[in-house]
Amino acid sequence: MSKHYDTLETRTPAEREKALMQALPQQIAHAKANASFFKDWLKDVDAAAVTSREALARLPVLRKSMLGEVQKKNPPMGGLIAVPMSKVRHVFMSPGPIYEIDTDEPDYFRGARAMHAAGFRPGHIVYNTFSYHLTPAGIMMESALRALGCAVVPGGVGNTELQLDAIAGIRPDCYVGTPSFLKILIEKAAELGKDISSLKHAFVGAEALPPSLRQMFIDKGMTCLQSYGTADLGTIAYESESIQGMTVDEGVIVEIVRPGTGDPVPEGDVGEVVVTTFNRAYPLVRFGTGDMSAVLAGPSPCGRTNMRIKGWMGRADQRTKVRGMFVDPEQIAEIAKKHPGLGRLRLVIDWVNQADTMTLKVEAPSPSADLEKAMEGTIRTVCKVGGKVEFAQPGSLPNDGKVIDDVRKYT
């Protein structure tokens with residue numbers, strides 16, 4: 001079987017660009033005609049004239065940070081979708097909250113191409129450890145795996161020992177999930193004497209994959225590749241066996257723009273990832289992800305010819321991702337409201353012992369063990385991720401407007 005998913009991956013850049021620019025005005029016209037938000041948002045745009053990247057760059061950027069307010073005004077989807085709800089299969093709720101959908105379209109999130117690049121093939125049994133509860137990750141992965149012809153074990157999250165029993169008994173070929181949970185499974189299996197050696201391919205995402213952690217998996221006899229995407233857009237880019245940047249998916253147009261603007265930056269400069277998708281149900285046009293990246297020059301050694309990006313390089317705003325879940329400044333404000341009388345709050349995100357950590361530094365006039373316990377419970381409730389509380393003297397935290405401080409460094 002070919003190492004490439006289809007012939008789209010090996011088109012000449014000129015062929016690909018011609019096809020994209022022919023489809024682009026049709027997609028914009030479709031969005032304006034069928035999604036009430038885009039009818040207003042793009043009311044002054046002549047869809048038929050948007051036939052180049054230069055013309056696309058003149059359209060406004062709809063940033064992910066805006067979705068919450070847009071959807072609140074016209075719940076649940078804010079007029080962003082272009083199909084009736086009768087065509088929607090699931091409505092998901094991501095942190096924020098932000099709502100997303102899928103439909104019955106096979107491989108709705110376009111993940112099969114990325115998983116094929118990671119070595120997944122028809123007949124493989126795949127252990128999927130992404131969550132199936134409210135958030136879309138579990139179903140995003142499953143829809144791609146089914147399109148590939150893989151059998152799926154819906155492992156979900158937690159219950160480590162039970163999951164090890166399932167892996168030892170079912171003998172899956174592949175793992176899907178966060179790299180940190182795969183590390184936990186490997187270490188716990190060694191401790192308990194469980195055999196999970198059937199796992200030969202890992203497809204990871206939702207958090208960073210430092211080189212040292214990837215090497216750990218390789219040393220255990222697994223290949224390990226990652227992809228980059230969002231619940232709104234599906235797959236944006238993915239690694240191939242060359243592990244030299246991420247190849248942009250064939251179903252999107254990616255621009256790198258100066259943060260806070262819609263202006264494309266020169267090739268190689270770091271900027272915000274802005275994506276236009278050809279999804280007919282959820283036709284996002286110039287969607288600003290808030291993620292930072294840069295174009296990687298030159299062709300990929302793997303033979304795929306699409307543009308490459310350097311992968312995730314931080315956030316254009318303070319919103320960040322911790323153990324696969326987004327954490328927003330608005331959530332820190334919500335925590336403060338639940339515990340009145342405090343000074344400044346600053347959430348510090350770090351990388352310790354190959355895992356994300358969260359510490360909420362709190363200016364508290366009257367710190368106590370009870371307040372610490374209560375606030376740690378609030379963190380988990382509001383952010384959906386656990387964190388510790390560290391009290392500070394009133395007036396001691398920086399007065400710089402920063403409420404989320406991501407100090408992670410990966411080695």
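Tutor: Helices (H or I, at least four residues) and strands (E, at least two) are DSSP runs, numbered from the N terminus. This is a predicted model, where local features need pLDDT of at least 70, side-chain atom pairs count only at pLDDT 80 or more, and totals for chains, interfaces and linings use all residues. Residues are numbered from 1 along each chain as its sequence is written, and side-chain values use heavy atoms, with hydrogens and water left out.

Student: Which hand does the crossing of α8 and α9 have?

Tutor: Look at α8 (residues 179–192) and α9 (residues 211–219), whose axes come within 11 Å and cross at roughly 45°. Axes here are lines fitted to C-alpha atoms, for helices over the stretch in contact, and angles run from 0 to 180 degrees between N-to-C directions. The two helices are therefore oblique to each other, given that angles under 35 degrees count as roughly parallel, over 145 as roughly antiparallel, 65 to 115 as roughly perpendicular and the rest as oblique. As for the hand, the crossing of α8 and α9 is left-handed.

Student: Which residues of α9 make the contact with α8?

Tutor: Contact means heavy atoms within 4.5 Å. On the α8 side, P179, S180, L182, K183, I186 and E187 take part. Facing them from α9 are L213, M216 and F217.

Student: How many residues of that α8 with α9 contact are nonpolar?

Tutor: For the classes, Ala, Val, Leu, Ile, Met, Phe, Trp, Tyr, Cys and Pro count as nonpolar, Asp, Glu, Lys and Arg as charged, and the others, Gly among them, as polar. The contact of α8 with α9 has one polar and two charged residues. Its nonpolar residues number six.

Student: What about α10 and α11: at what angle do they pack?

Tutor: Helix α10 covers residues 329–338 and helix α11 covers residues 369–383. Their axes are 10 Å apart, and the angle is about 140°.

Student: Why is α10 called oblique to α11, and which hand is the crossing?

Tutor: The packing angle is about 140°, and that makes α10 oblique to α11. The contact is made by Q331, E334, I335 and K338 of α10 with M375, T378, I379, V382 and C383 of α11. By class, that contact of α10 with α11 has five nonpolar, two polar and two charged residues. The hand of the α10 crossing with α11 is right-handed.

Student: I want to know about the cysteines. How many disulfides does the structure hold?

Tutor: A disulfide is a pair of cysteine sulfur atoms within 2.5 Å. The sulfur of C150 is 6.2 Å from the closest cysteine sulfur, in C174, so that is too far for a bond. For C302, the closest cysteine sulfur is in C224, 17 Å away and also too far. The count of disulfides is zero.

Student: Is C302 buried or exposed?

Tutor: Buried means under 20% relative accessible area, exposed over 50%, and partly exposed in between (1.4 Å probe, protein chains only). C150, at 1% relative accessibility, counts as buried. C302 has 2% relative accessibility, so C302 counts as buried.

Student: Which residues does K3 contact, leaving aside its neighbours within four places in sequence?

Tutor: K3 lies in the segment before α1 (13–34), and at 41% relative accessibility K3 counts as partly exposed. K3 and A117 are 114 residues apart in sequence and 6.9 Å apart in space, C-alpha to C-alpha. With those sequence neighbours set aside, the contacts of K3 are H116, R121, E241, C302 and R304.

Student: And where is S240?

Tutor: S240 is buried, with a relative accessible area of 3%. Leaving aside neighbours within four places in sequence, S240 is in contact with A117, L225, S300, C302 and R304. Its place is in the loop between β9 and β10.

Student: Which residue is joined to P97 by a cis peptide bond?

Tutor: Most residues other than glycine have a negative phi, and most peptide bonds are trans. A cis bond joins P75 and P76, with omega about 0°. P97 is found in the loop between β2 and β3 (98–103). Omega for its cis bond is about -10°, and the partner is G96.

Technical notes:
Left-handed = near helix turned anticlockwise from the far one by under 90°.
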